[in-house]
Amino acid sequence: RGSSYACIVIQACVHSSSSAPAPPLARRAPAPTRLLLVFDGANVAFQFGAANGLFGFSARGIGSAVEYFMQFVQASRMAVVLNENRWDGRDADLCRLDALGVLCFTPSGRDDDLYTIQLASDQEAWIVSRDSFHNHARWLTPSVRRRRLTFAFAREVFTVPPDELHAFRAAAGGRL
């Protein structure tokens, strides 16, 4: 899990900790690309489990959802929000998602839905979730509520209703 931006920054600081001052930067780095999709990771994983008789969390479902949207959106424009307690280095599906750079871990003891809502709001991104977020209604603005993509699993096959997919693709327009 050493591929995240924070890890790269920490590694750069550790490896460049000489006493000589660093030269000024020649130019600014380009602005990061905005996210288009924020996945409610636990919601997707539990829905997959239920659809496949697993009755629990399965990162394979998150992988299926990410793969589905990769036909429209680059992985760098997606984030999967999960509580850090969900990390398991022995789970090949989680490791693959981590290698894609899409995982966004929230602190233990905090509600990951709040991070999902806030990230989508900040980025003007769409949320992939079957959660209606009624328990977070005060944080869910009308614009974020309109940018929610529901989904279903037919066993291992991920699908989104065509009206919502069309609205997402139309709104993303040239950003895809």
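How many aromatic pairs does the count come to? The points below begin with that count.

1. This is a predicted model, in which local features need pLDDT of at least 70 and side-chain atom pairs count only at pLDDT 80 or more, while totals for chains, interfaces and linings use all residues. Residues are numbered from 1 along each chain as its sequence is written, and side-chain values use heavy atoms, with hydrogens and water left out.

2. The count comes to 13 aromatic pairs. Rings of Phe, Tyr and Trp (its six-membered ring) pair if their centres lie within 6.5 Å; planes under 30 degrees apart count as stacked, over 60 as edge-to-face and the rest as tilted. One of the pairs is formed by Phe48 and Phe153, which are edge-to-face at 5.1 Å centre to centre, with 85° between the planes. Because Phe48 lies in helix H2 (residues 41–51) and Phe153 in strand S6 (residues 152–154), this pair ties together parts that are 105 residues apart in sequence. Helices (H or I, at least four residues) and strands (E, at least two) are DSSP runs, numbered from the N terminus.

3. Both Phe48 and Phe153 are buried. Buried means under 20% relative accessible area, exposed over 50%, and partly exposed in between (1.4 Å probe, protein chains only). Ring pairs also link a cluster whose members include Phe39, Phe48, Tyr68, Trp126, Phe153 and Phe168.

4. Five strands make an open sheet in the order S3-S2-S1-S4-S5, with parallel pairing. Strand S3 (103–106) and strand S5 (148–149) stand at the edges with a single partner strand each, so one side of each is left without a neighbour in the sheet. Two strands pair if DSSP finds at least two bridges between them. Strand S4 (residues 126–128) is joined to S5 by two bridges, and Val128 stands opposite Leu149 in S5.

5. Helix H3 (residues 59–69) packs on the sheet, where it touches strand S1 (37–40), strand S2 (78–83), S4 and S5. Contact means heavy atoms within 4.5 Å. The direction of H3 makes about 165° with that of S2; axes are lines fitted to C-alpha atoms, for helices over the stretch in contact, and angles run from 0 to 180 degrees between N-to-C directions.

6. Most residues other than glycine have a negative phi. Glu124, in the loop between helix H5 (112–123) and S4, has a positive phi near 55°. Glu124 is partly exposed, with a relative accessible area of 41%. Phe133, in the loop between S4 and helix H6 (142–146), has a positive phi near 60°. Phe133 is buried, with a relative accessible area of 1%.
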